[in-house]
Amino acid sequence: MTHQKRRDFLRTLALVALAISSIVNCAAGEQRASKTVRLLTVGNSFSQNATRNLAAIAEAAGDKLVHRQAPIGGGSMAQHWDKVLRYEKDPQDKQATYGAKSLKQMLEAEEFDFVTIQQYSFISHDVSTYRPYARNLFDFIKKLQPKAEVLVHQTWAYRRDDPRFAKKSGKPDQPDSQQAMYELLTKAYETIAAELGTRIIPVGDAFFLADNDPVLGFKPDETFEKAKAEYPALPKDQHSLHAGYKWSSKDGTHTLGFDGHHANVAGEYLGGCVFYEVLFGESVVGNRFHPKDIDPDYARFLQETAHKAVQKRKAQP
């Protein structure tokens, strides 16, 4: 090797070393301190759906979630407020608690960073059902947890082939399609959030975006006929975010049921991604966790959809 070639070779090595050093230093600079978020969800099965994967998503990002729940199956804001009143009247009333504790006891037991409230999905389109219960719950929570941020969890519209939409009511105040339900519930949640002066966790926005994506949105199986279906046949519900069709068996009899309300594995993951971005203030795109039943490429799409929904809300005045 000539002197010139040796010098060029050493120069190249130096440049490579410098580049590697820059990358390492950059990565080190981008590391952030782990965050711990303490959350209380006052909701129902929809809040349980939307947060089922939240702890795993946080852990994969190097963060920690402490999560307490106050759910009522099919519960509304009115029912949550009724429990508050019942406990004030009689602490021994079993209808006043969520298992072992009342909402007051939960709020007094520890400090929370965030407390979420939401409406029962079937009446979520009707803003009158939020009043005065949303304000009552908000004030009650802030009285006991003045440092906590109360957030409004926007729930999602039902699947487009849900039986609710099969019979058109013709009434302007009743949703007769997924889009109508989404638009009405969104208006109601936005109205209430504005009245309370609080932020929205836009899970409903993310569901609608994903459901209606031209490439990866939900596509019903037009060839499936429920009336003629024989066990164990199921439709190919491509990219459904809702539970959909499921067979149940009892005493040798098989019954085909349908749930267009609750989230399935993909819907739960999407909801968790939205919650993570809002609560932790970090992008979920590229998070290493996703349920094993979800294809990695589709999981990435759900992450990006959640990010898009949250960023869109941030951009609104």
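**Serine 47**

I began with the polar contacts of serine 47 in this predicted model, and found that a polar atom of the serine 47 side chain lies 2.7 Å from the backbone oxygen of asparagine 44. I then placed serine 47 in the secondary structure, where it belongs to helix H2, residues 45-51.

**Helix H6**

I turned next to helix H6, which has twelve residues and reaches 17 Å from its first C-alpha to its last, close to the 16 Å expected at 1.5 Å a residue. Looking up burial along this helix, I noted Ala134, Leu137, Phe138, Phe140 and Ile141 as buried. These residues cover an arc of only 165 degrees around the axis, so they sit on the same side of H6. What do the buried residues of H6 pack against? I recorded helix H4 (77-89), helix H5 (103-109), strand S3, strand S4 (149-153) and helix H7 as their packing partners.

**Helix H9 and its ends**

For helix H9, residues 265-280, I recorded 16 residues and a reach of 22 Å between the first and last C-alpha, close to the 22 Å expected at 1.5 Å a residue. I found H9 mostly covered, with 15 of its 16 residues buried. At the start of H9, I noted that a side-chain oxygen of asparagine 264 comes to within 3.1 Å of the backbone nitrogen of alanine 266. Just after the helix, I read a positive phi of about 70 degrees at glycine 281.

**Salt bridges**

I kept in mind that side chains of opposite charge can pair when their charged atoms come close. How many salt bridges does a search of the whole structure find? I counted 18, and I followed up some of them one by one.

Glutamate 282 pairs with lysine 35, and I noted 3.0 Å between the closest N and O atoms. This pair links distant parts of the chain, 247 residues apart, with glutamate 282 in the loop between H9 and helix H10 (296-315) and lysine 35 in the loop between helix H1 (3-30) and strand S1 (36-43).

I then looked up arginine 131 and glutamate 195, whose side chains meet in a salt bridge at 2.5 Å, N to O. Here 64 residues separate the partners, arginine 131 being in the loop between strand S3 (114-117) and helix H6 (133-144), while glutamate 195 is in helix H7, residues 178-196. I recorded arginine 131 as partly exposed at 37% relative accessibility, and glutamate 195 as partly exposed with a relative accessible area of 38%.

The next pair I looked up was arginine 313 with aspartate 205, joined by a salt bridge at 2.7 Å, N to O. It links distant parts of the chain, 108 residues apart, from arginine 313 in helix H10 to aspartate 205 in helix H8, residues 203-211. Are these two residues buried or exposed? I found arginine 313 buried and aspartate 205 buried as well.

Finally, I traced salt bridges that share partners, and found that they join Arg32, Lys35, Asp63 and Glu282 into one network.

Notes
Residues numbered from 1 in each chain as written. Predicted model: local features only at pLDDT ≥ 70, side-chain atom pairs only at ≥ 80, totals over all residues. Heavy atoms only, no water. Helix = DSSP H or I, 4+ residues; strand = E, 2+ residues; numbered from the N terminus. Expected span 1.5 Å × (residues − 1). Buried < 20%, exposed > 50% of the residue type's maximum accessible area, 1.4 Å probe, protein only. Polar contact = N/O pair within 3.5 Å; in protein donor to acceptor, adjacent residues only side chain to side chain. Salt bridge = Lys/Arg side-chain N within 4 Å of Asp/Glu carboxyl O. Arc of directions from axis to C-beta. Contact = heavy atoms within 4.5 Å.
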